[in-house]
Amino acid sequence: MALLSAGCGGTAQKSPSGNIRAEVFAGKEGLYYTVTHDGRTVIDTSAMGVTVDGTELFRDAALRPAGTRKIDETYSVTGRKAVSEGRCNEYLFDVTHRPSGYKYRLQTRLYDDGFAYRFVLPGDGTRTVNGEAAQWRPPHQSRVWFAERNSGWKLLTYAGEWISTTADSLHIVSRQGPVQTMPLLYETADGLRLMVTEAALYEYSGMRLRAGKDGSLHADFTEKEGFDLRDTVTTPWRVLIVAENLDRLVNTDIVTNLSPAPDPELFGDMSWIRPGRSLWSWWSGLDGRYMTVEGEQAVIDLAAEVGYEYSTLDEGWEDLADKWTTLREMADYAAGKGVGLFVWRHWEKLNDPAEDYFQMRSFMDSVAGCGVKGLKIDFMNGEGLRQIRFTTAVLENAARRRLLVNFHGCQKPSGEIRTYPNEHYMQELQQ
């Protein structure tokens, strides 16, 4: 690892093959990084850093190399790849905020198809994260694809239309304003694909991206005044994926590479986890038989006939007469056809953290006791800290009951499918 200018405290870094290179360095105004691919700049000098308890810890900071290591791992992601590969060079840096003397750590990883970084900020007690200086400056002559929903739903759900514009017009293209959801996908003038996203989003608010007039991207969070965490704060990974074509983009493993492996206590046995497709009847109405026993059994029959693994009882199943007895009968009927049953639930009916989410755990006990295989949790409509904590609680409590989870109206995927293999990105097909 070569040391750059001692005054800037920077270091040069490279991926295993050397095609991706990065530099991080410190200046009076903050911490910065650059990324190149085969010698071409793909992210020009961009800021990074975190503000905690009102202090911009990246300003007037000293940066010192603290070690490197090579990572070479293989693992399986249920329902996605039999073998995923995680090969990268990791670089560690000690950072000192000179005015306060506070010390923390910057961690970077360079893969042959991308660059990622995160901060680990030690501490005790309640701490407020006021925001981040995170920035990306992709090439100006690029086209960018983003999820558009020009309505009040814009930043609440990913059920939008993927459209494109020029990088320098992203800040004005939407009537909803300059803030966009991750991921954003860029295509450079020479055909390179760049994707900006995040990984390992746990115990932290989800990041959105505010487009600037100069084509740059800046961190934006739901909680404008900040969000409270406790003790050591670990940011999610800030990720740049670099792909020479769409095939390599689709098949990248970076986001799952950056996510923790499954907890063996929860997932020592994963034989109960079966990926699959589901029929559901919410839109069709079933000729007036929607959410009747007869109508939903017909959907189950069709799922069995076409070889789909699941059927979903959507909104309204809780209005069925003697719902728990009926649900057990429906689950038994589906099982007799070789079909698993999912049931729908609005997230606010589960999102009471009192007594370690007692409300959530009781509901899961009931549906699991009826033989249901999974839950469709709906309408989180955002990715603030409140929603992120909820989704983690759902996945962990569901795993203890061998329940799959299909989140709907939820935040971006950030690698949960590796950490929590019971998260089920299910293809729902309308009957």
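Lysine 154 sits in the loop between strand E13 (143-148) and strand E14 (161-166), where helices (H or I, at least four residues) and strands (E, at least two) are DSSP runs numbered from the N terminus. This is a predicted model, in which local features need pLDDT of at least 70 and side-chain atom pairs count only at pLDDT 80 or more, while totals for chains, interfaces and linings use all residues. Residues are numbered from 1 along each chain as its sequence is written, and side-chain values use heavy atoms, with hydrogens and water left out.

Lysine 154 counts as buried because its relative accessibility is 4%; buried means under 20% relative accessible area, exposed over 50%, and partly exposed in between, with a 1.4 Å probe and protein chains only. The side chains of lysine 154 and glutamate 148 are joined by a polar contact of 2.7 Å (a pair of N or O atoms within 3.5 Å; within protein, one must be able to donate a hydrogen and the other to accept it, and residues adjacent in sequence count only if both atoms are side-chain atoms). Leaving aside neighbours within four places in sequence, the residues in contact with lysine 154 include Phe146, Arg149, Ser174 and Gln180, contact being heavy atoms within 4.5 Å.

Helix H5 (residues 323-336) has 14 residues and reaches 20 Å from its first C-alpha to its last, close to the 20 Å expected at 1.5 Å a residue; the expected span is 1.5 Å times one less than the number of residues. Thr326, Leu327, Met330, Ala331 and Ala334 of H5 are buried. They lie on the same side of H5 because they cover an arc of only 135 degrees around the axis, the arc being that of the directions from the helix axis to the C-beta atoms. On the other side of H5, Asp332, Ala335 and Gly336 are exposed. The elements that cover the buried residues of H5 include those in the table.

| Element | Residues |
|---|---|
| Helix H4 | 293-306 |
| Strand E24 | 310-313 |
| Strand E25 | 340-346 |
| Helix H6 | 354-369 |

Just after H5, glycine 338 takes a positive phi of about 80 degrees.

Among the residues that line the largest cavity are Leu155, Tyr158, Thr181 and Cys410. On a 1 Å grid over the protein atoms alone, a cavity is a set of points where a 1.4 Å probe fits but cannot get out, a pocket is an open set with protein on both sides within 12 Å along at least five of seven lines, and lining residues have an atom within 4 Å of a point.
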